[in-house]
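Subject: Structure for your review

Dear colleague,

Please find below the structure that I am handing over to you. I would be grateful if you could read my notes with the model open beside them.

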Amino acid sequence: MKPLFAHVRRATYNTTLMYNLRMLIAFTGTAFVPYFLNFQLATIPLTLGVVAAGLSDIDDRFSVRIMNLVYTYIGFFITAASVQLLFPYPFLFAIGLIASCIGWILLGSLGRRYATISYGCLVVSVYSMLGVHLFDEWYMQPLLLVVGAAWYGLISTISFLLFPVRPLQDKLSACYASLGDFLFAKSNLFDVDMTPESYQQSMIDLSLENGKLIGIFNDTKTALLTRLKGDRGQKDTRRSLHYYFVVQDIHERADSAHINYQELSKVFQHSDILFRFQRILSIQGKACQDLSQSILKRQPYIHNKRFKHAFENLKLSLEKLQKEQFYDQVWVNALYALYQNLKSIDAQLRNLETERNTSLEKSKQFEQQLKDDDLKGWNDIVTRIRQNLTPESVLFRHAIRLSIVLLIAYILVQITGIKYGYWILLTALFVSQPNFNATKRRLRLRVVGTLVGIVCGLAILYFVPSLEGQLLLLVISGVLFFELRSKQYAQATAFITILALINFNLDSSGFSAGFPRLIDTLIGCALAWFGVSFIWPDWKFRRLPRTIQRSLQAQCNYLKDVVRQYHEGRDNGLNYRVARRAAHNTDAEVASLISTLATEPDFDAYQKSLAFEFLCLNHTFLSYIAALGAHREQSQDQDILNLLDQALDDIQGALLRDEVPDLSSQNMLQTIRQRLKQNSQEDQTSLIILQQLSLMLSILNQLSRLKQSLSHDRDNDATELGSL
């Protein structure tokens, strides 16, 4: 009996298995309960209600989850009922379509939960158009859609009560897994055969991995915050908070740069030292991924014993370099600082379990150390919506663009009377994304997935004529759609197409719906492409200079807080972590924007090369600050403190006010270099400060020039396009 219980318990640790089981129960209920009640037509709205509710599902603490479900059901019913009542009146329906589309999308400016519910309501509105003819009573389809959503909500709530911290553990696991990928990317910078081209590509890869990691950090912070608000002393929640603080600290150290890696690979090209650093970074990346699995399986993390031997050999190699005195002391000091940083990461991983119990006692003081971004009242609601009532807002442009696309699709359906034409609206809704690159990618995948789904779906209807067999395949298709929707969009589209054809076959129109579905998909994709390309196209408004300015401002704020702590002493409080996160968030925005702009039509080759050069240099500068932050301790050397203040002022002047550093800045840089060479007996903190300031100032002019070049060129583009 015990082995069986152990197997069952291990199975519950598999999040994918439990999620698929939830969806299996949900779709089985909507498919077979109407079958036994001899009301098979109800399967169509019930199943679509489950799909819409699954797309609207959001992780939150229990009390807020219940409120989210209530809001969702109310929104679904009002939306579906409005479609039913306005459908006979095309002019009023068109007005309602535009107003509801803009309203639902702008509601997303209030936060993640409202954005998710709003999207579900938009999906329900189009689902209601597809089934408006199914029932004679106007209220029947809206009611059944809500019943299907409530059925899914009941199952998801039971799952939450059984495993309340599982979604949070999944996010923490994703944090450490992504941190492992980041460390693997960082290890590539220690390649001794690095060329300028491979160095730039490695920096781009590192910056993009950093962006992914920061996005996961933000999601995890939101999940932690909502649980801490409703925490009643739950041990798992407080332990998760400790894990979150540790992964952030490791990230700051991992992102630190103590030296110019491109020059480093040349200086130590024929030494084993870089191989040793690269190896330790790689096994630390593997350790983070092992820790990720330990969190998922709720098992204690066991630190790899290989680390001790690897660090001992690395230290011996460093001591040998120092004794040989063949290399400049500046390089050796930088490698020692990097060694200490990696040792600190090792200590964090090694002591994670042993320090956990101590940290649990301090959890109450940590509860107030996560910044709360939730709504604070009506004034906050009005402010957030007002901030997005401008063409400069991505959300506003997307709302206007999508509403126009849906209106054009609706007019086309009304004029042509095309069969099953409302699939055009559904396709346009699913494919249209706020930016050009994401929409273009979905267009291709949607067409391929729909074609495969139609072929497979018609084959199923032909070779599986029995109702019971079709219902079973409907359930399987629904489960696979949700399993693949965030991983393999084309395959997910194929399965939702199969589900739709089986659903329509319940109304005796499955075979006749196949070819129109493909035609409608092509038209919907064409309209989505038209919208993202010609209706306030994203590249005309999303100005690179503004994003660059925000990033540099955030980095200066981060540096300012680090400098303050060298004056006052180490402090890991909320203000510091907010400044650090803002710097990484804006760096991730720059990386995402530049990688997206590079695919857009008006981005020429010269602009692209400048943008990627800035991307690499911007992240390098942030890494230099992170290294300064990782080693921050109070300094008693007044000259060092004055130097920090002067350097901060010069950096802010060059990056924020476009001031050209004068001769005093150049003299200061030379002074720093002289101190590094002549005062090797200074304390380690001072050496690290001097080294990091030297690195920052060495790329300051280049970073400032790139910023001004990109700002000048993009502002000219914006002036030319602003009137279009």
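**The chain as a whole**

Please keep in mind that this is a predicted model. The chain has 724 residues, and 56% of them are buried. Its secondary structure consists of 29 helices and zero strands. Among contacts between residues at least 6 apart in sequence, 82% join residues at least 24 apart. The accessible surface amounts to about 31,300 Å², and carbon and sulfur atoms account for 59% of that surface.

How do helix 5 and helix 18 lie relative to each other? Helix 5 covers residues 90-107 and helix 18 covers residues 394-416; their axes are 9 Å apart, at an angle of about 155°. An angle over 145 degrees counts as roughly antiparallel, and helix 5 and helix 18 are therefore roughly antiparallel to each other. The crossing of helix 5 past helix 18 is right-handed. On the side of helix 5, the residues in contact include Phe93, Leu97, Cys101 and Ile105. On the side of helix 18, they include Phe396, Ala399, Ser403 and Tyr410. By type, the residues of this contact comprise 17 nonpolar, three polar and no charged.

The second pair is helix 3 with helix 6. Helix 3 spans residues 43-56, and helix 6 spans residues 112-130. The axes of helix 3 and helix 6 come within 8 Å and cross at roughly 160°. Helix 3 is therefore roughly antiparallel to helix 6, and the crossing is right-handed. Leu48, Val51, Ala52, Leu55 and Ser56 of helix 3 meet Thr116, Tyr119, Gly120, Val123, Val124 and Tyr127 of helix 6. These residues divide into eight nonpolar, three polar and no charged.

Helix 10 contributes Phe245, Gln248, His251 and Glu252 to the contact, while helix 25 contributes Tyr576, Arg577, Arg580 and His584. Which types of residue make up this contact of helix 10 with helix 25? There are two nonpolar, three polar and three charged residues.

Asp346 lies in helix 14, which runs over residues 329-350. Is Asp346 buried or exposed? Its relative accessible area is 4%. Buried means under 20%, so Asp346 is buried. Leaving aside neighbours within four places in sequence, Asp346 is in contact with Gln284, His303, Phe307 and Phe311.

Ala347 also belongs to helix 14. With a relative accessibility of 23%, Ala347 counts as partly exposed. Ala347 and Ile250 are 97 residues apart in sequence, and their C-alpha atoms are 9.9 Å apart in space.

**A residue in helix 21**

Leu480 is part of helix 21, which comprises residues 467-484. At 29% relative accessibility, Leu480 is partly exposed. Thr493 is 13 residues away from Leu480 along the chain, and 10.0 Å separates the C-alpha atoms of the two.

**Two loop residues with positive phi**

Asn38 sits in the loop between helix 2 (15-36) and helix 3 (43-56). Its phi is near 60°, a positive value in a residue other than glycine. Why does Asn38 count as exposed? Its relative accessible area is 73%, and exposed means over 50%.

Trp536 is located in the loop between helix 23 (510-534) and helix 24 (544-568). The phi of Trp536 is near 45°, again positive in a residue other than glycine. Trp536 has a relative accessibility of 27% and counts as partly exposed.

Yours sincerely,

A colleague

Methods: Residues are numbered from 1 along each chain as its sequence is written. This is a predicted model: local features need pLDDT of at least 70, side-chain atom pairs count only at pLDDT 80 or more; totals for chains, interfaces and linings use all residues. Side-chain values use heavy atoms; hydrogens and water are left out. Helices (H or I, at least four residues) and strands (E, at least two) are DSSP runs, numbered from the N terminus. Buried means under 20% relative accessible area, exposed over 50%, partly exposed in between (1.4 Å probe, protein chains only). Contact means heavy atoms within 4.5 Å. Axes are lines fitted to C-alpha atoms, for helices over the stretch in contact, and angles run from 0 to 180 degrees between N-to-C directions. Angles under 35 degrees count as roughly parallel, over 145 as roughly antiparallel, 65 to 115 as roughly perpendicular and the rest as oblique. A crossing is left-handed if the near helix is turned anticlockwise from the far one by less than a right angle, and right-handed if clockwise. Ala, Val, Leu, Ile, Met, Phe, Trp, Tyr, Cys and Pro count as nonpolar, Asp, Glu, Lys and Arg as charged, and the others, Gly among them, as polar. Accessible areas come from the Shrake-Rupley method with a 1.4 Å probe; for residues, only the protein chains shown count as cover.
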